[in-house]
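Hello,

Here is the structure I promised to pass on. Please open it first, then read my notes below.

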Amino acid sequence: MSKRLLIIALLAVATQALWAASRSQALSDDDKQRWLSEVRSYRNDYLAKELALSKDQQKDFFPIYEEMDEAITAIGDETRALVRKVQADENASDTEIESAARALYELKAKEGEIELKYFDKLKSILTPKQLLKLKNAERKFTQQLVKQHRRIGDRKAGK
C-alpha cells in the first residue's frame, strides 16, 4: 500500500510541476519529455502493481505496451495537427474542414485498431485475467492523474 501512496504522491508532484509551468509559460520540449517520461514511469509502476505482473512479465510487457502507446500517441498527434492546421487556415475549404472533422471522429476507431493489433502480442505475456484487468487499470490510473491535477488546481485557486 505504501508503494501506491508513493506513486500517487509522485504523480501529484509531477502534475503540480506541469500545472505551474503551464500557468507561467509554455513548457520546453525537454520539460515535456521529462514530464511524460515521469508519468510513464509512474504508470508502469501502477500497472505492474494493479496487474500483479511478475518481473519476467514486466520485462516482456512494457516494451510492447510502450510501442503500442507510442503508436496511439502518434495517430492522435497527427490528427490534432491536422485539426489545428485547418482551424488556423481562414481560407480552408469545406472539404478540408470536413476532412479534419472526419479524422477526429475516426480517431477512436484507429486507436482501437492499434490496441487490437497489440492484443495478440499482449496475450502471449499476460494471463486472461490480467488482460481483462488492463483496460480498467489504465482507466483508474488516468482518473487518479486527473484527480491529482484537479486538487492541485483547486489549491492554487484557493478553493
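The protein chain exposes about 10800 Å², and carbon and sulfur atoms supply 54% of that area. Accessible areas come from the Shrake-Rupley method with a 1.4 Å probe; for residues, only the protein chains shown count as cover.

Two notes on reading the numbers. This is a predicted model, where local features need pLDDT of at least 70 and side-chain atom pairs count only at pLDDT 80 or more, while totals for chains, interfaces and linings use all residues. Residues are numbered from 1 along each chain as its sequence is written, and side-chain values use heavy atoms, with hydrogens and water left out.

**Overall fold**

The protein chain has five helices and zero strands. From the N terminus the order is α-α-α-α-α. Helices (H or I, at least four residues) and strands (E, at least two) are DSSP runs, numbered from the N terminus. Of the 159 residues, 33% count as buried. Buried means under 20% relative accessible area, with a 1.4 Å probe and protein chains only; exposed is over 50%, and partly exposed lies in between. Now take contacts (heavy atoms within 4.5 Å). Among those between residues at least 6 apart in sequence, 72% join residues at least 24 apart.

**The cores**

A nonpolar core is a set of buried Ala, Val, Leu, Ile, Met, Phe, Trp, Tyr and Cys residues joined through side-chain atoms within 4.5 Å. The largest one has 20 residues. Leu-53, Phe-61, Met-68, Leu-122, Leu-126 and Leu-134 have the most contacts inside it. Helices α2 (29–50), α3 (55–88), α4 (94–123) and α5 (128–157) each supply at least two of its residues. The largest share, seven residues, comes from α3. Which residues does Phe-61 touch, leaving out those up to four places away in sequence? They are Leu-53, Leu-122, Ile-125, Leu-126 and Leu-134. Another core, of six residues, lies apart from the largest one; Val-39, Tyr-42, Tyr-46 and Leu-145 are among its members.

**Helix α2**

Helix α2 has 22 residues. It reaches 31 Å from its first C-alpha to its last, close to the 32 Å expected at 1.5 Å a residue. That expected span is 1.5 Å times one less than the number of residues. Its buried residues include Trp-35, Arg-43, Asn-44 and Glu-50. Why does Glu-50 count as buried? Because its relative accessibility is 15%. Just after α2, Ala-52 takes a positive phi of about 55°.

Best wishes
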